[in-house]
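Subject: Structure handover and notes

Dear colleague,

I am passing on the structure below, together with notes on what was found in it. Please read the notes with the model open beside them.

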Amino acid sequence: MPDWKKYVRDHLVSLQLDPEREAEMIDEMAQHLEAAFEEALTAGASESEAQQRATAHIKDWRLLECELVRSQQSARKFWIRGRDARNKSLRINGGLLIGSLKQDARFALRMLIKNRLFTAVAVLSLAVGIGANTAVYSLINVLMLRMLPVRSPQELVLFSLIYPERTSYAFSYPLYERLVRGDHSFTGLIAASSMSRARLTVIENEGAGNIESVQQSQVSGNYFSVLGAEPLLGRVLEESDNKISDPQPVAVISYDFWKRRFGLDPQVIGTKITLNEFRFTIVGVTQPSFFGIEIGRKPDIWWPLAAVPLVSPDNQSLKQNTNWWLRVIGRLRPETEIAVARGELDVIVKQQVEEIINEQPSRPERARAFREMRLELEPGGTGWTTLRQQFKQPLFILLTVVAVVLLTACANVANLLLALATSRKKEIAIRLAMGAGRWRIIRQLLTESLILSLAAGGVGLLFAKWGSGLLLTYLPPSQTVGLDLSPDVRILALTLLVSILTGIIFGLAPAFQTTKFDLITTLKNQSGLGAGPSRYFLNKSLVITQVALSLFLLIGAGLFVRTFQNLKTLDTGFTSDHLVQFGVQIGSGYTTDRRVTLYKEILARLESMPGVQSATLMGFGLLEGSSVSNRIAVPGRVPAPDEDPVCYVLPAGPRFSETMGITLLSGRDINLQDDYQAVVQPAREDDKQVGLRATQTTAPQSALINQSMARFFFGEENAIGKRFTYEGGATQGGTFEVIGIVRDAKYSNLRDPAPKTFYPSYFRRPSNRDQLFELRTFGDFAGLSESIQSTLQQINPKLHIVGLQRMTNLVEQSMTQERFIAQIASFFSLFALLLASIGLYGIMSNSVARRTNEIGIRLALGAQRTDVIGMILRETLVMVVIGAMIGLAAALLATRMVSRLLYGVDANDATTIAMAIMTITVVAFFAAYWPARKASLVDPMAALRFE
Amino acid sequence: MLILALIEERARHGYEIAKLIEQRSQGVLQFHVASLYPLLYRLETRGWIQGRWVEKAGQRRRRYYKLTAAGRKVLNQQRQTWSDFISALDRVARVNQA
């Protein structure tokens, strides 16, 4: 007897039903056949006859399959619910969904691989867009959002002072002390100086080791405990180390420094070192991740604020209440409102302000500024960096730029998808005809876009890693030490989100558009090119969007490029070629006389170096943002009632005009004879900071003044030999005599016009600050730093050169922001332009292909080839004009917001706008020309046969 | 309705049902496997009949279908509908006259 079960199973393909149920069915039907077989045998048929009769019972196996499956379709859910509650049914449904998603994904991958060129272009353009967004966001994340690696950073509060014109994060030590005494809202307030350089030697066996320049920061005693930074080795600083009455010369070093200098030697605790010739003992090493509170800077060594007078006995910064040099951060008590704390401490700031004003009655304009000053508290968990203030707006602009680029890329890919959809129209029509739901097909198409965008996101992450590194090179290297740009969870999440959003944005419209058409027409149309007007409309609006976005970017980039160029070609008033600037660490222990002698010797030795033309020294560097200004009075001159007699000061050494290349218009340069005169009485604190010294001698100090100042105070008169007083020092006899007039030169920054400035002859009072020197050479030469160092060593082995920089670099650096925006915005606007031209080319080629027939007829009816070209170009022009109008409107609105960052160019600069429009028109012309030419070469006969 | 009626008296298995339909209709109505079993399963799914594997001494295991309460209700409804239909036809076309 045949095995009926096997017979049935062999004839039925798998029904993909519940296996148990399927087995039952087979069993039952097998029995049926068996019964029929046996009956036939009983009726006297032969075995083969009986078999034939039995098998006749099932003729159409395929029909049976269908019927069986259909009978079970609604059963699946019932069956499972009956057996095993809800969760299993969910799992099965989920399984089905995931199964079909997998199917979608597989299919999508096949489609994408099939259209390799499309996939490559789409993924690459999206990847650039996504990568750029991620890169910019990475930088924002690092500079502004990432929390400090300390205990509960969200409790930290950063202190700042709001002046009428600016926000300052600097506090004086007396104010800090006062805040600490009056505070009830914080578990602790810490203060830290910004990072500075110091000479460090390790005393091994009581001998001096190698001198090394290290980064130091002076901090309050509770600095580490309030931040919650545990030592890796030894101990951290304590309150008892920081008693003003009894400061302890102890220091904590960073892990990196421990590794670099001591090779991770655990015996480092207790090691004696000197910092600027003063002895300290190392008591601890910090954790590797700890860097303090300033983002992008990594001090090597921390020591108590109270020890400042030990290291430099003449440093008064702990007592001066107008010396703003400390960062203050507090840890807020739980349940304390930040506003309450602010109210409480602002009162203290106000008291301090009144005291300062009372101490300095002579400066009414400063008193006004001080009175309007107030305390501000902000969340400090992300630490502090000057980059944040400086780059907030540029980064915001950049974020806008890259977002627009991403949108352009989206529009481009959407356009490509639409073009692709034309060729897939047949396929989709067939699928719809076979009963696929519209939603099902949209899901399929969206899966494709998502796969595209996720792939782009992956590639984009690589771009971002490279791009954020590149962005970082635009920031000052000294302020970006140890910035970790590797993507964290936040970045990865953002990239994923952006990718998915991108996929939906560019995928949605084409998906809906593609599935919306008349089935019958499409299936009948053999050429498969019949497109409804609305698809054409969508296509066009995408190109118009691209044109608008690119123009927007082009105008923005144009403005910033012009700003950058204006600054670059700007006349600074001095000659920065072959000019270098460097500091010399002098060390302590010099009297004023000895210091002046030393300076003179250094200048003489420098000038005798081969290749050196001249040398001078200055109170502070140009274009560094430093400025000192005050009222000037000219004896015998009646000031006009509303005039502004404030002039800026830069103390300068011998051969200043010659070395700096600031043209001397009349009179003479400062020379060695305009030198130091016996100081009878110390200058006021403020003057000391800039190196001005006031004397009681009636002999005036020599000074160079610039053109603006000469014109302002002396008009057409010859100013040489005239005298003026510096108001702040008037009571102390700060009288100056004009020895020469020089051309106007930029002062604290490039953007502001050269102010009224005077350069008094200067030999600085002794201090431990590095003295700034300027050197003009005959050409660039390598090893300048080493030669200067050896020259200095010949004078005194303790002298050290620090921070040698070419003036050209310094000028460049002061344009960092502008260069940053200009270069990056241009890059991206050109990229957007490229995408737009690809889009234009794509749509015009498509349009030409679609209209081959029409064009053929036109040509056959006598249209000239040039007419056809004109027709296509006109069509392009319409799109460009519409796009340009939209882009222009958007640009006009947006550029107004950035006008503060522009220089020498109006936010609505007509030339820039005209150039941008011209660029886009020319590019559009070329993008459309090839399709137009192709159209004009259509063979009328071939075109007519085409249908 | 036919199937429901056949298993109203007692539970029957598939082959028996097919045979009975053929016999009682005197060969006019024939159910093939391809239509019979899917139909049975569908009725089962709707909850009108219930299938159960039964083993009897000396016989192989067979699946017997019996009418459920819901099935009985449906059967009665259908009978009513049919008799209404037939009598309506009768009144109109005198189908039953002969």
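**What was found**

Chain A comprises 28 helices and 24 strands, where helices (H or I, at least four residues) and strands (E, at least two) are DSSP runs, numbered from the N terminus. Please keep in mind that this is a predicted model, in which local features need pLDDT of at least 70 and side-chain atom pairs count only at pLDDT 80 or more, whereas totals for chains, interfaces and linings use all residues. Residues are numbered from 1 along each chain as its sequence is written, while chains are lettered from A and ligands numbered from 1 in the order in which they are written.

Of the 947 residues in chain A, 40% are buried; a residue is called buried if 20 or more other C-beta atoms lie within 10 Å of its own, exposed if 12 or fewer, and partly exposed in between, with the C-beta atoms placed from the backbone. Among the contacts in chain A with a separation of 6 or more, 82% are between residues 24 or more positions apart, two residues being in contact if their C-beta atoms, placed from the backbone, lie within 7 Å.

One residue that illustrates this is A:T134, which lies in helix α6 (residues 116–145) of chain A. A:T134 counts as buried because it has 28 C-beta neighbours inside 10 Å. Leaving aside neighbours within four places in sequence, the contacts of A:T134 include A:G460, A:L461 and A:A464, as well as A:I491, A:L494 and A:T495. The C-alpha atoms of A:T134 and A:S468 are separated by 8.1 Å, although these residues are 334 apart along the chain.

Turning to the strands of chain A, β3 (residues 186–193) is mostly covered, with six of its eight residues buried. β3(A) runs antiparallel to β12 (residues 326–332) of chain A and is joined to it by seven bridges, two strands being taken to pair if DSSP finds at least two bridges between them. Within this pair, A:L189 stands opposite A:G330 in β12(A).

An open, antiparallel sheet of four strands in chain A has the order β15-β23-β14-β24. Its edge strands are β15 (612–618) and β24 (800–806) of chain A, each of which pairs on one side only, and the twist averages 25° from one strand to the next; here axes are lines fitted to C-alpha atoms, for helices over the stretch in contact, and angles run from 0 to 180 degrees between N-to-C directions. Helix α18 (residues 592–607) of chain A lies across β14, β15 and β23 of chain A, at about 155° to β15(A), while helix α22 (residues 784–795) of chain A lies across β14 and β24 of chain A, at about 150° to β24(A).

Chain B has an open sheet of three strands, ordered β1-β3-β2 with antiparallel pairing. β1 (12–13) and β2 (49–54) of chain B stand at the edges with a single partner strand each, so one side of each is left without a neighbour in the sheet. Six bridges link β2(B) and β3(B), and B:R52 has B:Y64 in β3(B) as its bridge partner.

Finally, where the chains meet, 13 residues of chain B are in contact with 19 residues of chain A. On the side of chain B that touches chain A, α3(B) gives the most, with seven residues.

Best regards
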